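Welcome, and please take a moment to turn the model around before reading on. The paragraphs below go from the overall fold to single residues.

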Amino acid sequence: MVSVSRRSLLAIGAALPVLGRLDWAVASPPPAPADKVRLNYNESPYGPSAAAREAMQRGVAISGLYPYGHMYALAGLFAQQQGIAEEQVAVFAGSMAALRYAVLAFTSQTRGLVMATPSYEVPRQAADSWKAPVREVSLNAEHAHDVPAMLTADPQAGMLYLCNPNNPTGTLTPTEAIRQALANKPKGSVLVVDEAYIDFSDAPSCVSWIKDHDDLLVLRTFSKLYGMAGARLGLAIGHPALLERLAVFGGDNVPAASTLLGARASLEDVKLLPHRKALNARLRDETVGWLKARGFACTASHSNCFMIDVKQPAQQVIEKLAVHNVLIGRVWKDWPQWVRVTVGNQHEMQRFREVFAAQVA
Ligand SMILES: Cc1ncc(COP(=O)(O)O)c(C=O)c1O
């Protein structure tokens, strides 16, 4: 580990007056050649914010008590910030759990799942394990969800899954298309909009729509922009009756008090989101610009990941970079020459460029 003096931290901080000084600086010593640069799981390079870490410490001390009061406090704060009711927010130990429960609740062997490809695979895996039929619909030419094709893919569908921005491409689906999906989906089905990455984008959220629609579920996570993937916290937002259907499968799967307090501190820190969003966008756009200048097409990402057309089997590129301790990926079956890259910190993206230039470009 390279040590960073207090003086150099101050110097970095002074150069970055609007970019969350301490978070950025503490997370940013350059990786040593033997350190792994992890750009393969869409994790945050910054981790929990300083305020969240401090709150999480306080949570450790009260871990002997059940955390329900803190869970309701977090749901209440999120609801207040979003202009919805506390009963419309359910808290889980990660949004992946909420997503799996949604698949179990809304699909069956006769009512299938419709989703995009490439997209986040968890709903497909949950449906497969449940033997619910799955229809995958290719993204359209703009790499948005092809909503008209999704709407006709399965007239018996029980759930439509729409990830916005989409993982792995980072691309957006226009709000109007999402409205179309909600208005025209098969009778009795539920639209699940996964907003795990929405904090990185300027796209409008669908959260407020749940006030008027009892067949819409929106998912959020603290794993991405808030850097709390290892602490496990996700939110399901919808009509209380819809949330009840998820609770049957795992209503007791709640996060620890330390996680809940860290999440609350993250929401209370009004500067955190814009700082991290701006930093991520700058590093992403610089890297994508650099790749394009070398002739590599990239997806138009509004997220903390993007895909590159590497013009060769992408698995090969993953392996070449891994030899030099730069971890990227994965590859999705329908796009075998494209690879996903997570946006890391400034030093990590610099290392990515160096190794990519030497091994691929
Ligand atoms: C689209 C999407 N939804 C949900 C999740 C799961 O997030 P969590 O860590 O809250 O379980 C991920 C994680 O990568 C994701 O990419």
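Helices here are DSSP runs of H or I with at least four residues, strands are DSSP runs of E with at least two, and both are numbered from the N terminus. Residue numbers start from 1 along each chain as its sequence is written. Keep in mind that this is a predicted model, in which local features need pLDDT of at least 70, side-chain atom pairs count only at pLDDT 80 or more, and totals for chains, interfaces and linings use all residues.

Let us begin with the whole chain. It has 13 helices and 11 strands. Its radius of gyration is 21 Å, close to the 21 Å that the globule rule gives for 361 residues, so the chain is as compact as a globular protein of that length. That radius is taken over C-alpha atoms, and the rule is 2.2 Å times the number of residues to the power 0.38. Along the principal axes, the C-alpha atoms fill a box of roughly 60 × 50 × 30 Å. Of the 361 residues, 49% count as buried; a residue is buried if 20 or more other C-beta atoms lie within 10 Å of its own, exposed if 12 or fewer, and partly exposed in between, with C-beta atoms placed from the backbone. Two residues are in contact if their C-beta atoms, placed from the backbone, lie within 7 Å. Among the contacts with a separation of 6 or more, 72% come from residues 24 or more positions apart.

Now look for the sheet. It is an open sheet of 7 strands in the order S2-S8-S7-S6-S5-S3-S4, with mixed pairing. Two strands pair if DSSP finds at least two bridges between them. Strand S2 (89-92) and strand S4 (134-138) are the edge strands, each pairing on one side only. From one strand to the next, the twist averages 25 degrees.

Strand S3 (residues 113-117) pairs with S5 (residues 159-163) in the parallel sense over 2 bridges. Here Leu 113 stands opposite Met 159, and Val 114 has Leu 160 as its bridge partner. S5 also pairs with S6 in the parallel sense, over 5 bridges, and Met 159 stands opposite Val 190 in S6.

Helices lie across the strands as well. For the angles, axes are lines fitted to C-alpha atoms, for helices over the stretch in contact, and values run from 0 to 180 degrees between N-to-C directions. Helix H4 (residues 68-82) lies across S2 and strand S8 (234-237), at about 130 degrees to S2. Helix H9 (residues 240-250) lies across S2, strand S6 (190-194), strand S7 (216-221) and S8, running at about 20 degrees to S2.

Next, find the ligand. It is surrounded by 14 residues, the closest being Gly 94, Ser 95, Met 96, Thr 221 and Ser 223; a residue counts as near if its C-beta atom, placed from the backbone, lies within 6 Å. Helix H5 (residues 95-106) gives the most to this shell, with 3 residues.

Finally, the backbone has some details to visit. A cis peptide bond joins Thr 117 and Pro 118, with omega about -5 degrees, and Pro 118 sits in the loop between S3 and helix H6 (122-129). Another cis peptide bond joins Asn 167 and Pro 168, with omega about 20 degrees; Pro 168 is in the loop between S5 and helix H8 (175-184).

Positive phi values in residues other than glycine are found at Arg 232, near 65 degrees, and at Lys 311, near 60 degrees. Arg 232 lies in the loop between S7 and S8 and is buried, with 20 other C-beta atoms within 10 Å. Lys 311 belongs to the loop between strand S9 (305-309) and helix H12 (314-323) and is partly exposed, with 13 other C-beta atoms within 10 Å.
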